[in-house]
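Look over the sequence and the fold, then read on.

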Amino acid sequence: MAGEWTPESWRGHVERQQPVYPDATALAAALRDLGAYPPLVPAVAARRLHLDIADAQAGKAFLLQGGECAESFAEFSPGNIQALHGLLSAMARQIEAAAGVPVIRTARIAGQFAKPRSADGEEQGGRTLPMYRGDIVNGIGFNEQARTPEPERMLRAYAQSAATLSHLRALDGDTPTYTCHEALLLPYEQALVRRDGALWHGSSAHFLWVGDRTRFKGSAHVEFLRGLSNPLGIKCGPSLEPDLLLHLLDRLNPARMSGRITLISRMGAERIGNRLPPLLRAVAAEGHPVLWSCDPMHGNTVKANGYKTRPLSRILCELGAFFAICRAEQMRAGGIHVEMTGRDVAECTGGTDPVREADLGERYHTHCDPRLNPAQAMEVAALAAAELEHDARARAA
Ligand code: PEP
Ligand code: CO
């Protein structure tokens, strides 16, 4: 069935969302350099997260993942890292107080650079250029030079990730902040694979996930991830059928280890009611150990006033539905996954001090998808806290 895994066995599979580098010599040189660098994350720390997620599956912890949609070179500063760290901690404390269990803090940072796109090219004023794929690949400016994939960007992303991790460590008290990102840019991820005894460790982050656009049958991304010992995520969007999900679970977790797989539902407020229950039931019937988490962001993106935005009302609606569905199916709602920033941006609409559609022109800084600002993120945390408190009370009664 599955052939032997090696760090490059993904090359025999179907690759989507990969840039084409015009300079093969520069690409080889950058990958050779990366391959010789120290791991960004030690294997022992990824194993600790694996155990923490196993605890969450057993109801003894809750997984919080939050941070950047697309990390950028321009917005790299201690202030931004500190603000995100502080926001993640504030959300975690609120949820901990209500749920009565520790919250696992996992930041979408220190590696969240590469973005999947729905088209390969972007047209502006009659000109078409390659799509922006994240600062680790090319530049956001609309000109030929910026949009050409440059291998040296991977070295800069590595350096920024290393410094970000070091700053996170300095900000952490006794509770670690883990890192996570979509393992999208396969040459980069492969170059950072390290041996860990008999295992292989993806050293670019503690937790890696496969995105909704690359989680298909025969995918190079799934092949790559199956050989790593890291805890893994699978984004579950509205087109995912139960059969494919079970196939992916067999590929990524054949030994059925608890703590290994987090399923991140991102259906959208309108579709979660129809699309999530069949997946929950199929996974439960098959007995696969997973943690169910909710990403209420990616299924709720709309266009308003010329901007990509996400109404907070829809985000809260999907999150509330997630908890209700888990309760009805007698499954544990184990985590939330959000795009947010510690800066006071106006990218998602709504909230108690509402961002209006007309406000989207100012303080709209994201390089890709709209993020929650701190006040909006705290509203999301408050809803999760209220739902978890309700569940804790019901169990006690
Ligand atoms: C993301 O998390 O940034 C992302 C692109 O998600 P998805 O794969 O669920 O669309
Ligand atoms: Co995104």
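This is a predicted model: local features need pLDDT of at least 70, side-chain atom pairs count only at pLDDT 80 or more; totals for chains, interfaces and linings use all residues.

## A helix across the strands

Take one pair of neighbours. Strand 9 (residues 232–236) and strand 10 (residues 261–265) run parallel and are joined by 5 bridges. K235 has its bridge partner, I264, in strand 10. Strands of a sheet pair through backbone hydrogen bonds, either parallel or antiparallel.

The structure holds 29 salt bridges. One of them joins the side chains of R266 and D212, at 3.7 Å from N to O. R266 sits in the loop between strand 10 and helix 9 (272–286), and D212 in the loop between strand 8 and helix 7 (220–226), so the pair ties together parts that are 54 residues apart in sequence.

Are these two residues buried or exposed? R266 has 10% relative accessibility, so it counts as buried. D212 counts as buried too, because its relative accessibility is 19% and the cut-off for buried is under 20%.

## Salt bridges that reach helices

E223 and R251 also form a salt bridge, with their closest N and O atoms 3.2 Å apart. E223 belongs to helix 7 and R251 to helix 8 (residues 242–252), so this pair ties together parts 28 residues apart in sequence. Both E223 and R251 are buried.

Another salt bridge links E329 with R281. Here the closest N and O atoms are 2.8 Å apart. E329 lies in the loop between helix 10 (312–328) and strand 14 (333–339), while R281 lies in helix 9, so the pair ties together parts that are 48 residues apart in sequence. E329 counts as partly exposed, at 23% relative accessibility. R281 is partly exposed as well, with a relative accessible area of 48%.

## A network

Which residues are joined into one network by salt bridges that share partners? They are E68, E75, R343, E347 and R371.

Note on methods:
Residues are numbered from 1 along each chain as its sequence is written. Chains are lettered from A and ligands numbered from 1 in the order in which they are written. Side-chain values use heavy atoms; hydrogens and water are left out. Two strands pair if DSSP finds at least two bridges between them. Helices (H or I, at least four residues) and strands (E, at least two) are DSSP runs, numbered from the N terminus. A salt bridge is a side-chain nitrogen of Lys or Arg within 4 Å of a carboxyl oxygen of Asp or Glu. Buried means under 20% relative accessible area, exposed over 50%, partly exposed in between (1.4 Å probe, protein chains only).
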